[in-house]
Each structure stands twice: as structure tokens, then as C-alpha cells.
Amino acid sequence: MKIRKAEEQDIPRMGDLLLQVCRVHCEGRPDLFRAGGRKYDDEELRQLLSDPERPILVALDDDDVVQGYAFCIYQRHQGEGSFNDMTTLYLDDLCVDENCRGQHVGRELYNAVLELARSTGCYNATLNVWSKNESAMRFYEKCGLQPQKIGMEVIL
């Protein structure tokens, strides 16, 4: 398995994976997510690929087929009230193709995200996970993550 920064040629495969993510979210929260939707369309993906503040990593199999991705965002906190100055690498979205889960693709992608964060001087790496996505929560706990804060809601 090889991990590298995403390129324009990866957009169709990332689009397929974005649909898989939507399906998982829709199953857990159909009140929030529309079936068949994608977080980013192809044009938005092209724009993201050129944004150095939003790196995207992809995991490739031996045939150079994208098996997973990690969308990241640098969050730079400078002079914000009582917070210390720091840069965080926020893991906006991580997906592994449902046909190759359990093959450590997610772990390799996550480790690459941590290496990117370290190599660019980040203080930490953070992410959000939907509470209905229990398999993702277990995965991140196995990776050593622990809750930083908890979002709560009431549906009106």
C-alpha cells in the first residue's frame, strides 16, 4: 500500500468513496443526510486539491487504485481569547472502501495524517465522529484517540 497526496486523477474514485460515507451517515442520521449525496462534488474536489491549507491523502493498492482517503484542514489558532497559539490538523473525513476494510488501510491513512501533522509543526490532530457511527468510534479509540469535547443536540 502506498499513501500520497491526492491528485486530480483520483477525483472519480474519491467521489465513489464520498458516496459510501454518505450512505453510512444516512443510515445513522436520515434526518440530517440525504441519500445519494456527496460532501463535495468534482469541482469542489478540484478546488480542494489546490488548497495547501486542506491537504488530502489517498491510500493506493498495488494497482494504484484508491482504497481510501483522508481529508484534512489546518486550523491555525492565533490570539484567540484564552486559547494558546497553536496549529491543529483537523481530520475532516476519513474513508476506506467498504470492500477492503479490515486490511489496515484506515490505520495507515491515520498514521500518515499524524506524520503530516508532526512534519508541519502541528500541536495536535483532531476529528469529529458521529455518535451513531459506532464502528468509526471503535476504530479511532483503537488508534489512541480520546474525547476532547462532546457535541450535543436537541431536535425540535
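Colleague: Where is the place of His-104?
Modeller: His-104 sits in the loop between strand 4 (86-96) and helix 3 (105-119). Helices (H or I, at least four residues) and strands (E, at least two) are DSSP runs, numbered from the N terminus. This is a predicted model: local features need pLDDT of at least 70, side-chain atom pairs count only at pLDDT 80 or more, and totals for chains, interfaces and linings use all residues. Residues are numbered from 1 along each chain as its sequence is written, and side-chain values use heavy atoms, with hydrogens and water left out.

Colleague: Is His-104 buried or exposed?
Modeller: His-104 is exposed, at 57% relative accessibility. Buried means under 20% relative accessible area, exposed over 50%, partly exposed in between (1.4 Å probe, protein chains only). Phi of His-104 is positive, near 70°, and the residue is not a glycine.

Colleague: What about phi of Asp-64?
Modeller: Asp-64 has a positive phi of about 60°, and is not a glycine either. Asp-64 lies in the loop between strand 2 (56-60) and strand 3 (66-77).

Colleague: New topic. Which residues touch the most other members of the largest nonpolar core?
Modeller: Ala-70, Leu-89, Leu-91, Leu-94, Leu-109 and Val-113, out of 23 residues. Such a core is a set of buried Ala, Val, Leu, Ile, Met, Phe, Trp, Tyr and Cys residues joined through side-chain atoms within 4.5 Å.

Colleague: Which element gives the most to this core?
Modeller: Helix 3, with eight residues.

Colleague: And what does Leu-109 touch?
Modeller: Its contacts (heavy atoms within 4.5 Å) include Ile-3, Leu-57, Tyr-69 and Cys-95, not counting residues up to four places away in sequence.
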